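Welcome to a short tour of a protein model. Open your viewer, and let's look at one stop after another.

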Amino acid sequence: MNKSIILKKRPVETPTLSDFDFIEFENEPSVSDGEILLESKYISVDPYLRGRMSDAKSYVPPFKVGEPISSGMVAEVVASKNDNFKKGDFVSGLLEWKQKQVSTGDGLQKIDNSKAPLSAFLGIVGMTGLTAFLGLHEIGKPKKGETLVVSGAAGAVGSVVGQIGKILGLNVIGIAGTDEKIAMLKSEFGFDHGINYKTTDDIKSAIEAAAPNGVDIYFDNVGGPISDAVLFNINQFARIIICGAISVYNKTEIPMAVAVQPFLVKNSALMQGFIVSNYADKFPVAIKQLSTWLGEEKLKYKETIVEGFENTPQAFLDMMDGKNKGKMIVKI
Ligand code: NAP
């Protein structure tokens, strides 16, 4: 018996469970020469998957209706007719939401679970850790003593961005959606200030109070009114990393926002979109540094683990709704 999760229909605004479906197969897939059979262990549910559920042109093609969804996953090789992989190897890479699947191994990385737990290869030493490290360094160009604001601060990317900011000697302000998350940012991750955007009426003034010398770097994971409020506080030569815009991912029409041009011109500021895959040549250096900081316990990571393949769609919906702290992962 094997199961797969498909996109049943394209979500309209906020996705629901009815947008997903399960397909069951009686037989295990068979392996031909050059192929491996993979058993799924962990599935990463990520905000960018929402974009792929829509039929819109983007940097990755949309999912096809009626076909399996795919995302970053960790799997175990359970049979191999490929000399590069042996039974018992663990791999990570873009795979389909199936309990078992056949692969040629192309695009998969072998991972060593003596170096980090398997789930960490989907987070802190995987895509979201790389996003935090490279976005902050390559566009943010942080300098000791500067002030960094991070939105989506309690999630997979944001919680790592803020901690790296602290390692580098920045004043770090995190914006997130519950008091519990704000407490976690300060007590567990060492952020200097936290702002709950859901209970703060005037986010612009709250940022001003936490950053009396202004904001030098803004790591933007959310877009929308939160980001507008940050713009009012930027300094001369500020750097704004546009990593994501989760506040608009469920909108059918892109909302009007504050005009950014006056803020950028007045402050000679830089605003740049960031896609982690454009920095693939820097992944080895970034992973090495993240692993070193982890080993030195300068960097911590949090995961919200949901158990059970069947719960993957709900885990995705819950992540979009802010129910995760750190990286949202499904354990099969
Ligand atoms: P995440 O932050 O772990 O999870 C998403 C979080 O977004 C939720 O926990 C929720 O936290 C917050 N959120 C949901 N709706 C929101 C809204 N309307 N306004 C403000 N916050 C909202 O996800 P992640 O994987 O780390 O990704 C964070 C961002 O980075 C996303 O925008 C994602 O698309 C982007 N990203 C970009 C790249 C790239 O290469 N460009 C790579 C990875 C991720 P609250 O409780 O705080 O609302």
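Helices here are DSSP runs of H or I with at least four residues, numbered from the N terminus. An axis is a line fitted to C-alpha atoms, for helices over the stretch in contact, and angles run from 0 to 180 degrees between N-to-C directions. This is a predicted model, in which local features need pLDDT of at least 70 and side-chain atom pairs count only at pLDDT 80 or more, while totals for chains, interfaces and linings use all residues. Residues are numbered from 1 along each chain as its sequence is written, and side-chain values use heavy atoms, leaving out hydrogens and water.

**First stop: two helices**

Select residues 203–210, helix α5, and residues 224–231, helix α6. Their axes come within 8 Å and cross at roughly 45 degrees. Now show the side chains where they touch, with heavy atoms within 4.5 Å: Ile 203, Lys 204 and Ile 207 on α5, and Ile 226, Ala 229 and Val 230 on α6.

**Second stop: a cavity**

Which residues line the largest cavity? Select Gly 123, Ile 124, Thr 128, Gly 129, Ala 156, Ser 159, Val 160, Tyr 301, Lys 302, Glu 303, Gly 326 and Lys 327. A cavity is a set of points on a 1 Å grid over the protein atoms alone where a 1.4 Å probe fits but cannot get out, and lining residues have an atom within 4 Å of a point. About 60 Å³ of space lies inside the largest cavity. Colour α3 next: this helix gives the largest share of the lining, 3 residues.

Key
1 Å grid on protein atoms, 1.4 Å probe; cavity = no way out; pocket = protein on both sides within 12 Å on 5 of 7 lines; lining within 4 Å. Points joined across faces, edges and corners; volume = space filled by probe spheres on them.
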